[in-house]
Amino acid sequence: MGGMRDDVSPIETSSSGVQANMPDAAKAEHMLKVRQREAQLFSEAGLAVLKQRALSVIGPAMDTRSRLAKRVLTAESRRKAVIWLRHAADALSTTVASEVACRPGCSACCRQGILVSEAEADVIGKAIHRTPIKSPPSAIMVSVGLGQKPEEMDLSRFDGVPCTFLMGDRCSIWSERPVMCRLQASFDRDALLCEIVPDEQIQVPYVDASPEKALYLAKVGVGMLLADIRDWFPPNH
Ligand code: SF4
């Protein structure tokens with residue numbers, strides 16, 4: 001495939017966000033565990049283990065990943081590209097399932113920013129019979145060489161804010177959830193590092209889905225508005 005490399009790192013470390021209302025004592029106890037886990041996971045030996053576990057599942061799936069990437073790249077319309085991107089994201093998710101912390105009922109990812117393009121918001125809206133907000137004020141236009149880039153978007157205002165579609169720690173639009181939700185997974189053994197803690201930066205060994213994210217921007221992002229899922233579909237709209 002064009003943008004996918006065989007030598008791509010299978011691990012992407014990123015920071016989880018912040019959440020208000022955690023009592024000081026509980027926060028201190030939690031953060032002690034967090035820092036111990038980070039020290040273990042991100043030591044030289046810990047990183048070697050993480051990488052080995054990641055490669056053991058991702059390595060054999062590279063052909064499938066490349067095949068689906070080609071389907072995305074050759075999709076005739078943005079709508080079809082969204083559908084193929086879902087297949088690609090689901091395939092990656094299935095591939096890593098035995099090695100990641102993600103379990104039913106865990107919703108830490110649903111309290112962070114989730115980028116959705118205008119094209120994908122339309123696909124989701126039609127499926128769930130809701131009209132996305134037209135041109136949300138916070139949206140940016142993604143363009144090549146000019147204009148804003150997605151990484152310039154500050155989604156920290158959504159740290160700790162439940163997604164519109166989170167109901168009782170479950171996604172209420174599971175089959176229609178955004179591609180970015182499907183791509184989020186941690187190679188840790190549990191969700192300790194995914195929990196959002198006030199004013200703390202925490203490293204999470206996320207599955208590196210950068211090839212799929214690049215495809216997303218190329219096929220359904222460039223030339224379109226990009227905004228958070230809550231901007232397209234606010235509660236009570
Ligand atoms: S759409 Fe579903 S999976 Fe994605 S953040 Fe919202 S509740 Fe979570």
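Which residues have the most contacts inside the largest nonpolar core? They are Val 72, Leu 85, Ala 88, Val 116 and Val 207, in a core of 50 residues. A nonpolar core here is a set of buried Ala, Val, Leu, Ile, Met, Phe, Trp, Tyr and Cys residues joined through C-beta atoms within 7 Å. Buried means 20 or more other C-beta atoms within 10 Å of the residue's own, with C-beta atoms placed from the backbone. Helix α4 (residues 78-96) gives this core its largest share, eight residues.

Before going on, some ground rules. The model is predicted, so local features need pLDDT of at least 70 and side-chain atom pairs count only at pLDDT 80 or more, while totals for chains, interfaces and linings use all residues. Numbering starts from 1 along each chain as its sequence is written.

Now zoom out. The protein has eight helices and seven strands, taken as DSSP runs (H or I, at least four residues, for helices; E, at least two, for strands) and numbered from the N terminus. Of its 237 residues, 33% are buried.

Back to α4, and to its neighbor α3 (residues 62-73). Their axes come within 8 Å and cross at roughly 170°; axes are lines fitted to C-alpha atoms over the stretch in contact, and angles run from 0 to 180 degrees between N-to-C directions. The two helices are therefore roughly antiparallel, a label for angles over 145 degrees. On the α3 side, the contact includes Leu 68, Ala 69 and Val 72, and α4 brings Trp 84, Leu 85 and Ala 88 among others. Contact means C-beta atoms, placed from the backbone, within 7 Å. By class, nine of the residues here are nonpolar, two polar and two charged. Ala, Val, Leu, Ile, Met, Phe, Trp, Tyr, Cys and Pro count as nonpolar, Asp, Glu, Lys and Arg as charged, and the others, Gly among them, as polar.

Helix α3 also packs on α7 (residues 210-221), at about 10° with axes 10 Å apart, which makes the pair roughly parallel (angles under 35 degrees). Ala 69, Val 72 and Leu 73 of α3 meet Pro 211, Leu 215 and Lys 219 of α7. Leu 85 touches Val 72 and Leu 215, and its other contacts include Val 179 and Tyr 216, leaving out residues up to four places away in sequence.

Finally, the ligand. Around it sit Cys 110, Ile 114, Cys 163, Phe 165, Leu 166, Cys 171, Ile 173, Arg 177, Pro 178, Cys 181 and Ile 229, each with its C-beta atom, placed from the backbone, within 6 Å. That shell holds ten nonpolar residues, no polar ones and one charged.

Note on methods:
Buried ≥ 20, exposed ≤ 12 C-beta atoms within 10 Å, placed from the backbone. Contact = placed C-beta atoms within 7 Å. Parallel < 35°, antiparallel > 145°, perpendicular 65-115°, else oblique.
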